[in-house]
Amino acid sequence: MSKEDNTINYFNKGGNQRLRDWLNEEIEHNEPVVSGEEEMADGTEDIYVGRTELAETLLKKLDEWEEETDDGK
């Protein structure tokens, strides 16, 4: 079985939801810093913002790919 087949099997067996859960946890974890409620003493707020932006973008991309799969594309 190829690496691509293994990846497809992973997502077909619930891996997609595991990834979504982790991305949502990342967004939730970073929220106090991103919203300004919590400040980082070492000035690393931008790292939290970047991680949140990436997680949100990946969630949107997963939605997009799911729609393509559902549409038979």
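R20 forms a salt bridge with D63, and the closest N and O atoms of the pair are 2.9 Å apart. R20 sits in helix α1 and D63 in helix α2, so this pair ties together parts that are 43 residues apart in sequence. A salt bridge here is a side-chain nitrogen of Lys or Arg within 4 Å of a carboxyl oxygen of Asp or Glu. All of this comes from a predicted model, in which local features need pLDDT of at least 70, side-chain atom pairs count only at pLDDT 80 or more, and totals for chains, interfaces and linings use all residues. Residues are numbered from 1 along each chain as its sequence is written, and side-chain values use heavy atoms, with hydrogens and water left out.

On the overall layout, the protein has two helices and zero strands. Taking contact to mean heavy atoms within 4.5 Å, residues 24 or more positions apart account for 53% of the contacts with a separation of 6 or more. Helix α2 has 26 residues, and at 1.5 Å a residue it should span 38 Å; its end C-alpha atoms are 38 Å apart, which agrees. That expected span is 1.5 Å times one less than the number of residues.

Back to the charges: by the rule above, the count comes to four salt bridges. R20 has another partner in E66, with N to O at 3.5 Å. R20 lies in α1 and E66 in α2, so here the linked parts are 46 residues apart in sequence. How exposed are these side chains? Buried means under 20% relative accessible area, exposed over 50%, and partly exposed in between (1.4 Å probe, protein chains only). R20 counts as buried at 11% relative accessibility, while D63 is partly exposed at 35% and E66 is partly exposed at 34%.

E64 is partly exposed at 39%, and K61 is partly exposed at 33%. As for shared partners, salt bridges join R20, D63 and E66 into one network.

Now for the nonpolar side. The largest nonpolar core has five residues in all: L23, I27, A55, L59 and L62. Such a core is a set of buried Ala, Val, Leu, Ile, Met, Phe, Trp, Tyr and Cys residues joined through side-chain atoms within 4.5 Å. The elements giving two or more residues to this core are α1 (3–34) and α2 (45–70), and α2 gives the most, with three. Leaving aside neighbours within four places in sequence, L23 is in contact with A55, L58, L59 and L62. In α2, the buried residues are T52, A55, L59 and L62.

Finally, the protein as a whole. Buried residues make up 19% of its 73 residues. Its accessible surface comes to about 5900 Å², of which 48% belongs to carbon and sulfur atoms. Accessible areas come from the Shrake-Rupley method with a 1.4 Å probe, and for residues only the protein chains shown count as cover.

Methods. Helix = DSSP H or I, 4+ residues; strand = E, 2+ residues; numbered from the N terminus.
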